[in-house]
Amino acid sequence: YCRECPEGIEPWKFMETANLLFLKSQGSASERLSGYWGAQLNELDKCIECGECEDACTQHLPIIERFKLLKERIAEETAK
């Protein structure tokens, strides 16, 4: 279901990372994304907020909102 992004973003990588950070207060977004998932930290910049991922999500998660929070966290971490 998470393969609906026209920009090629793999939402599950970012949602899993957001869950660890915001729901369980664990770890670093930058380290989790690059180290565990091998994701580029600027990948979320490609998001055009079209909502296709949210429409396809069977759990009705606020993906775009969490992407925004995750981008803020990444910016904070890389500014240090």
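C47 is partly exposed, because its relative accessible area is 24%. The model is a predicted one, in which local features need pLDDT of at least 70 and side-chain atom pairs count only at pLDDT 80 or more, while totals for chains, interfaces and linings use all residues. Residues are numbered from 1 along each chain as its sequence is written, and side-chain values use heavy atoms, with hydrogens and water left out.

The sulfur of C47 has its closest cysteine sulfur in C53. The two sulfurs are 6.3 Å apart, too far for a bond. C50 is also partly exposed, because its relative accessibility is 40%. Its sulfur has C5 as the closest cysteine partner, at 6.2 Å, and this too is too far for a bond. A disulfide is a covalent bond between the sulfur atoms of two cysteines. Here it is counted as a pair of cysteine sulfur atoms within 2.5 Å. By this rule the count is zero.

The structure holds one cavity of 30 Å³ or more. On a 1 Å grid over the protein atoms alone, a cavity is a set of points where a 1.4 Å probe fits but cannot get out; a pocket is an open set with protein on both sides within 12 Å along at least five of seven lines; and lining residues have an atom within 4 Å of a point. Grid points are joined across faces, edges and corners, and a volume is the space filled by probe spheres set on the points. The largest cavity holds about 100 Å³ of space. Its lining has 15 residues, and C5, I9, C47, C50 and C53 lie nearest the centre. Helices α3 (52-56) and α4 (63-79) each supply at least two residues of this lining. Helices (H or I, at least four residues) and strands (E, at least two) are DSSP runs, numbered from the N terminus. The cavity lining divides into ten nonpolar, one polar and four charged residues. In these classes, Ala, Val, Leu, Ile, Met, Phe, Trp, Tyr, Cys and Pro count as nonpolar, Asp, Glu, Lys and Arg as charged, and the others, Gly among them, as polar.

The largest pocket has a volume of about 190 Å³. Twelve residues line this pocket, and C2, M15, C57, Q59 and L61 lie nearest its centre. Helix α1 gives the largest share of the lining, five residues. By class, the pocket lining has eight nonpolar, three polar and one charged residues.

Aromatic rings were examined next. Rings of Phe, Tyr and Trp (its six-membered ring) pair if their centres lie within 6.5 Å; planes under 30 degrees apart count as stacked, over 60 as edge-to-face and the rest as tilted. Two aromatic pairs are counted by this rule. The rings of F14 and F67 have centres 5.9 Å apart and planes at 70 degrees, so this pair is edge-to-face. The pair links distant parts of the chain: F14 lies in helix α1 (residues 11-23) and F67 in helix α4, 53 residues apart. Both F14 and F67 are buried. The rings of Y36 and W37 have centres 5.0 Å apart and planes at 90 degrees, so this pair is edge-to-face. Y36 is exposed, because its relative accessible area is 52%. W37 is partly exposed, because its relative accessibility is 25%. The ring of Y36 also has a charge over it: the charged end of R32 sits 3.7 Å from the ring centre. A charge sits over a ring if NZ of Lys or CZ of Arg is within 6 Å of the ring centre and within 35 degrees of the ring normal.

Two loop residues have a positive phi. E49 lies in the loop between α2 (29-36) and α3. Its phi is near 55 degrees, a positive value in a residue other than glycine. E49 is partly exposed, because its relative accessibility is 44%. H60 lies in the loop between α3 and α4. Phi of H60 is near 55 degrees, again positive in a residue other than glycine. H60 is exposed, because its relative accessible area is 67%.

Conventions: Buried < 20%, exposed > 50% of the residue type's maximum accessible area, 1.4 Å probe, protein only.
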